[in-house]
Amino acid sequence: RQLGLHPFSVYLPYGIEVYQRSVGPGLSMHGGSELYFAIPPRAKRVNFVHGINPDILNFKDFDGLGVQLELVNAEGENTVIHQEWVSPHTKTTDWRSSAVIPPTTATVLLYRITSGPRDQAAYDQAWLHSLNFE
């Protein structure tokens with residue numbers, strides 16, 4: 001609620017924390033975390049601001065993480081509409097992103113953080129600052 005995010009379901013295997021940052025508060029999400037949002041009728045785009053903790057770039061065991069948005073239809077089938085990979089060599093720590101929502105019967109948006117190539121959640125910490133539909 002503090003961030004204005006309203007998922008109807010969450011999977012946060014490492015708990016929930018909100019950090020205050022220079023760009024505003026951010027929900028801490030580790031690899032394997034998922035947020036499910038109802039897609040408003042006639043929504044054509046989803047905009048979001050996310051980032052990573054700059055300190056993790058200094059940890060030798062950080063192998064990167066992914067940010068993925070998926071549409072989920074009534075049959076439970078997923079369609080990826082946005083993917084980003086954050087490598088250990090990245091220089092940017094905060095991003096504004098958006099994705100087009102194509103004409104679909106999907107009613108659910110899944111925001112997912114994936115672990116690095118070694119499939120370990122160690123240091124795979126991302127922040128979600130905002131997510132809204134147009």
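Visitor: Is N47 buried or exposed?
Guide: N47 counts as buried, at 18% relative accessibility. Buried means under 20% relative accessible area, exposed means over 50%, and partly exposed lies in between, with a 1.4 Å probe and protein chains only. Please note that this is a predicted model, in which local features need pLDDT of at least 70 and side-chain atom pairs count only at pLDDT 80 or more, while totals for chains, interfaces and linings use all residues. Residues are numbered from 1 along each chain as its sequence is written, and side-chain values use heavy atoms, leaving out hydrogens and water.

Visitor: Which strand holds N47, and what does N47 touch?
Guide: N47 is found in strand β5. Strands are DSSP runs of E with at least two residues, numbered from the N terminus. Not counting residues up to four places away in sequence, N47 touches S97, S98, S130, L131, N132 and E134; contact means heavy atoms within 4.5 Å.

Visitor: With which side chain does N47 make a polar contact?
Guide: The partner is the side chain of E134, at 2.9 Å. A polar contact is a pair of N or O atoms within 3.5 Å; within protein, one must be able to donate a hydrogen and the other to accept it, and residues adjacent in sequence count only if both atoms are side-chain atoms.

Visitor: What is the order of the sheet that contains β5?
Guide: The order of this open sheet of five strands is β2-β3-β10-β5-β8, with antiparallel pairing. Two strands pair if DSSP finds at least two bridges between them. The edge strands are β2 (18-21) and β8 (94-100), each pairing on one side only. From one strand to the next, the twist averages 35°; axes are lines fitted to C-alpha atoms, and angles run from 0 to 180 degrees between N-to-C directions.

Visitor: How many bridges join β2 and β3?
Guide: Four bridges join β2 to β3 (residues 24-30), in the antiparallel sense. Y19 has G26 in β3 as its bridge partner.

Visitor: Which ring pairs with Y19?
Guide: Y19 forms a tilted aromatic pair with W127, with 6.0 Å centre to centre and 50° between the planes. Rings of Phe, Tyr and Trp (its six-membered ring) pair if their centres lie within 6.5 Å; planes under 30 degrees apart count as stacked, over 60 as edge-to-face and the rest as tilted. Y19 lies in strand β2 and W127 in strand β10, 108 residues apart. Y19 is partly exposed at 32% relative accessibility, whereas W127 is buried at 5%.

Visitor: Changing topic, what is the strand order in the sheet with β1?
Guide: That open sheet has five strands in the order β1-β4-β9-β6-β7, with antiparallel pairing. β1 and β7 each have a single partner strand, so one side of each is left without a neighbour in the sheet. Between β6 and β7 there are eight bridges, and G66 has W85 in β7 as its bridge partner.

Visitor: Which residues touch the most other members of the largest nonpolar core?
Guide: They are L109 and Y111, in a core of 30 residues. Such a core is a set of buried Ala, Val, Leu, Ile, Met, Phe, Trp, Tyr and Cys residues joined through side-chain atoms within 4.5 Å. Strand β6 gives the largest share, four residues.
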